[in-house]
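Q: Hey, could you walk me through this one? I'd like the overall picture and then a closer look at one helix.

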Amino acid sequence: MSAEPAPRIAVLVFPGSNDDRDAALALERLGAEPMLVWHAEGDLPDVGAVVLPGGFSYGDYLRCGAIARFAPVLEAVRRFADDGGLVLGICNGFQVLCEAGLLPGALRPNASLEFVCRDVDLRAERADTPFTSRAAAGQALTIPIKHGEGCYFADEELLGELDRNGQVVLRYEQNPNGSIGSIAGVVNEHGNVFGLMPHPEHAVDPLLGSTDGAIVLGSLVDAARERLLTAA
Amino acid sequence: MKATILVRPKPGILDPQGEAVQASLRQLGFAIDEARVGRVIDLELNGADAESAHAELERACEQLLANPLIESYEIALER
């Protein structure tokens, strides 16, 4: 396994990000070479994937993710995604991707108005994405959530579209936040941009209760490595 | 020129803040059937006639001040 090349994966850092280092550490343990990239950068380094971490970018002012979407680095991420690059948004990163229009839908305050911080049971609806290839379709995953605004919303038309295209990748077994359709994670139409509210980077060590997060992040590392090898 | 932007959750969008406010008002004895909580943004603009200011603010709402998927907005201009 050590002979396999370590794909570089960018982890963006916004003012207010707080899971950037956890994400980098988790990626490193899963065999990637993480690179922290500051939000003011106009370009991305040569990487196989980009991760937008959790946190409270720009203090969550106005709406979660609404300000971060104007960060210079987001333009670079948009170009990267348009070229088919792999982009993963976790929690606040998911909110940023929705606000930026890179993912469909929006995230609203939890129906309970309470910040929810606990392990949740999820179902992987698809195993044929670059973010879930280490899972089996229908597999149960336990990964923690910690958010106040994770209530996914899509209007009826969009919801129909998501279902038709198979864009719902993760669902909650018990809806913790009022998300429509119990949606916990969605991919874009092309399948190269994925956002989820649960935090896979907090579930990569048995000491923390679950290692199911490694299924998501490990899939991303595999896909980034594959791209590295194909490009070489 | 001053402008006031009202941003509201669209009808049908779950508004837990509004529900909490409604419940509290009812608890206080107010006969409130529904409460929805939005946001007010006060802006000051210079120059520009009302028409172009309105068009400009509409772009500002679409791009940043509101999320058109879940929020509606109203622009009021005041000389």
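This is a predicted model: local features need pLDDT of at least 70, side-chain atom pairs count only at pLDDT 80 or more; totals for chains, interfaces and linings use all residues.

Q: Great. How many helices and strands are there in chain A?
A: Chain A has 5 helices and 11 strands. The radius of gyration is 16 Å, close to the 17 Å that the globule rule gives for 232 residues, so chain A is as compact as a globular protein of that length.

Q: And what box do the C-alpha atoms fill?
A: Roughly 45 × 35 × 35 Å, along the principal axes.

Q: What percentage of the residues in chain A is buried?
A: Buried residues account for 54% of the 232. As for contacts between residues at least 6 apart in sequence, 75% of them join residues at least 24 apart.

Q: OK, on to helix 2 of chain A. Which of its residues are buried?
A: Helix 2 covers residues 72–82, and its buried residues are Val73(A), Leu74(A), Ala76(A), Val77(A), Phe80(A) and Ala81(A). They sit on the same side of the helix, because the arc they cover around the axis is only 155°.

Q: Which residues are exposed on the other side?
A: Arg79(A) and Asp82(A) are exposed there.

Q: Back to the buried ones: which strands do they pack against?
A: Strand 1 (8–13), strand 2 (33–38), strand 3 (49–52), strand 4 (86–90) and strand 11 (193–196), which belong to chain A as well.

Note on methods:
Residues are numbered from 1 along each chain as its sequence is written. Chains are lettered from A and ligands numbered from 1 in the order in which they are written. A residue is buried if 20 or more other C-beta atoms lie within 10 Å of its own, exposed if 12 or fewer, and partly exposed in between; C-beta atoms are placed from the backbone. Helices (H or I, at least four residues) and strands (E, at least two) are DSSP runs, numbered from the N terminus. The arc is that of the directions from the helix axis to the C-beta atoms. Two residues are in contact if their C-beta atoms, placed from the backbone, lie within 7 Å. The radius of gyration is taken over C-alpha atoms; the globule rule is 2.2 Å times the number of residues to the power 0.38.
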